[in-house]
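This report covers a sheet, a ligand shell and a helix pair. The sequence and structure come first.

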Amino acid sequence: MLIAEMIEETKQLLEMAEERLQQLRSKATELLLREEWKEAIGAYSQFITLSKDQIFQTNQQQLSDPDQLQKLRKSLCLALSNRAEARSRLREFHGALEDCDQALEIDGTHFKTLLCKGKILLSLNRYSMALDFFRAALLHPQASGSSESLNGYVEKSKKMDLLARTGALDLSDWVANGFRGKSPELAEYVGVVEIKKSEISGRGLFAAKNIDAGSLVLVTKAIALERSILAGKDLCEDAQLVMWKNFIDKVADVVRKCLRTRNLISKLSSGEDEHELEVVDISLFRPETEFQVHSSDKMEMDQMLAILDVNSLTEDSVSSNVLGRNKDYYAVGLWLLPALINHSCCPNARRLHVGDYLIVHASKDIKAGEEITFAYFDPLLPLYKRKETSMTLGIHCRCKRCKFEAEISSKQEVKEIEIGLERGMDVGGAVYKLEEEMKRWKVRGKERGYLRASLWCAYSETYRSDRSMKRWGRRIPAPDEVVDSIINVVGGDERLLKILMEQLKKNGAGLMEMEKAMKLAREVYGKVVKKQAMRTLLELCIGANE
Ligand SMILES: C[S@@+](CC[C@H](N)C(=O)[O-])C[C@H]1O[C@@H](n2cnc3c(N)ncnc32)[C@H](O)[C@@H]1O
């Protein structure tokens with residue numbers, strides 16, 4: 001073949017390929033504009049393969065046209081950036097980041113890609129890296145057209161980065177507004193804690209330095225969360241099954257799309273041989289930590305279900321708790337690092353749910369080296385009820401309180417009180433009997449708190465009833481003494497705070513009493529609201545129905 005013919009043929013082939021690329025590009029752009037993300041990803045993938053091919057072939061040709069090559073590389077860069085955008089909309093962040101990196105290899109200052117990568121990193125809670133990309137985008141001439149939103153992203157990343165480093169979150173405005181509007185945006189935060197072998201079971205979370213009551217331990221966003229209003233008893237079981245199925249689908253979707261999350265979930269307990277589980281490094285749970293994961297690390301459905309069974313938590317939203325509006329509301333979610341926290345019936349931490357975030361704070365002073373625990377179920381219940389609940393969770397609780405109460409529960413008098421209350425015994429009489437027996441058994445200090453916490457229902461009913469107080473008031477300890485001794489074992493609790501506030505309202509509150517209530521409020525809600533907003537919270541707490 002003549003050289004001229006060969007050139008002509010190559011030219012024709014190139015033109016055909018160029019035409020095909022044009023068609024694919026138009027189709028992909030249209031799908032992207034129509035927000036048909038999955039289809040757009042498919043079209044861009046075809047375009048990207050073909051254009052990489054073209055670039056390779058053009059490179060092979062001697063005397064290739066540099067302009068043509070430049071044009072091809074530019075459109076490849078844009079296609080990668082657009083595919084990253086579509087992937088990030090489907091929360092396929094891993095693939096989206098790979099696309100961004102390839103695009104930035106072609107053009108390190110590509111505006112759209114810098115912006116897209118910043119947004120993905122922000123979604124992945126990697127705030128300081130996100131900030132770098134937004135700042136780089138701001139330097140681009142194209143930034144002038146969208147400087148307002150770009151500056152917004154810069155400010156948001158800065159704020160989140162500060163929160164993630166200090167944990168200095170403040171819910172004051174939201175609380176002072178009576179929880180109206182969207183819940184505040186929070187950042188992930190991991191305090192000075194470590195994961196170690198636990199005497200309770202398997203691994204646990206430990207304080208690596210002293211933590212004051214009210215201080216944050218961690219803030220983390222749900223991997224997946226399913227919420228529903230379950231009205232009517234008949235609906236409950238079916239509706240709960242549907243919720244559970246939806247929740248599993250959500251987790252499975254994340255596990256499929258995000259290698260990092262899959263890897264972390266696979267490290268959680270499935271309830272079997274916990275003592276043999278690997279003690280994972282806490283840094284893996286910090287969003288900024290880079291670590292190697294392999295796409296081959298698969299997770300079987302059975303393993304995932306077992307893990308969800310052991311580690312999912314029901315959401316107890318702080319707003320509905322305080323406002324007493326959570327009767328029909330039900331939600332189940334998975335939060336990674338909190339899944340390393342063991343249960344105790346005398347916990348030293350509490351969890352608050354704000355939006356999709358779970359905040360864990362110390363509800364007592366915690367010493368360095370001490371295990372951090374929260375209650376998986378209500379600690380203000382008698383031993384037999386706690387046992388029933390813990391059995392449904394597959395836990396045989398071996399905390400100090402359960403051990404002590406297991407011994408004392410064999411006493412005839414304890415049985416009499418429990419049976420008496422079930423049969424409608426006067427609550428004040430039950431409280432009086434327990435107090436008298438505790439004197440006789442010489443039960444003091446913490447142990448007295450354990451038993452009082454277990455009979456909390458009777459104590460609170462007595463303190464709330466004028467009739468009971470008239471009859472028993474002089475013969476039983478004052479509410480604040482009982483509240484103090486229970487706080488000493490279970491830490492801050494909304495119901496204890498409520499009784500204390502009601503007493504203060506009835507008897508008048510001096511400065512000292514108010515200080516005491518504020519201290520307890522910090523133990524219940526954490527140091528996440530300023531004084532004025534805490535007062536609003538206390539008002540709401542008193543006003544709420546149980
Ligand atoms: C969410 S995980 C807690 C972390 C777990 N220990 C680990 O190593 O991954 C829940 C599991 O921990 C164990 N566990 C937690 N609290 C316990 C307790 N008080 N007594 C006995 N086992 C407990 C149970 O096996 C439970 O299924």
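Strands β2 and β3 run antiparallel and are joined by five bridges. Within this pairing, I195 stands opposite L205 in β3. The model is a predicted one.

The two strands belong to an open sheet of four strands, ordered β2-β3-β11-β8, with mixed pairing. Its edges are β2 (193-197) and β8, each of which pairs on one side only.

Next, the ligand. Which residues come nearest to the ligand? They are S201, G202, S269, N342 and H343, out of 24 residues around the ligand. By class, the shell holds nine nonpolar, twelve polar and three charged residues.

Last, the helix pair. Helices α15 and α16 pack with their axes 10 Å apart, at an angle of about 170 degrees. Angles over 145 degrees count as roughly antiparallel, so α15 is roughly antiparallel to α16. The table lists the residues that meet.

| Helix | Residue range | Residues in the contact |
|---|---|---|
| α15 | residues 412-422 | E413, I417, G420, L421 |
| α16 | residues 427-440 | A430, K433, L434, E437 |

The contact of α15 with α16 divides into four nonpolar, one polar and three charged residues. G420 of α15 is part of this contact, and Gly counts as polar.

Notes
Residues are numbered from 1 along each chain as its sequence is written. This is a predicted model: local features need pLDDT of at least 70, side-chain atom pairs count only at pLDDT 80 or more; totals for chains, interfaces and linings use all residues. A residue is near a molecule or strand if its C-beta atom, placed from the backbone, lies within 6 Å of it. Axes are lines fitted to C-alpha atoms, for helices over the stretch in contact, and angles run from 0 to 180 degrees between N-to-C directions. Angles under 35 degrees count as roughly parallel, over 145 as roughly antiparallel, 65 to 115 as roughly perpendicular and the rest as oblique. Two residues are in contact if their C-beta atoms, placed from the backbone, lie within 7 Å. Two strands pair if DSSP finds at least two bridges between them.
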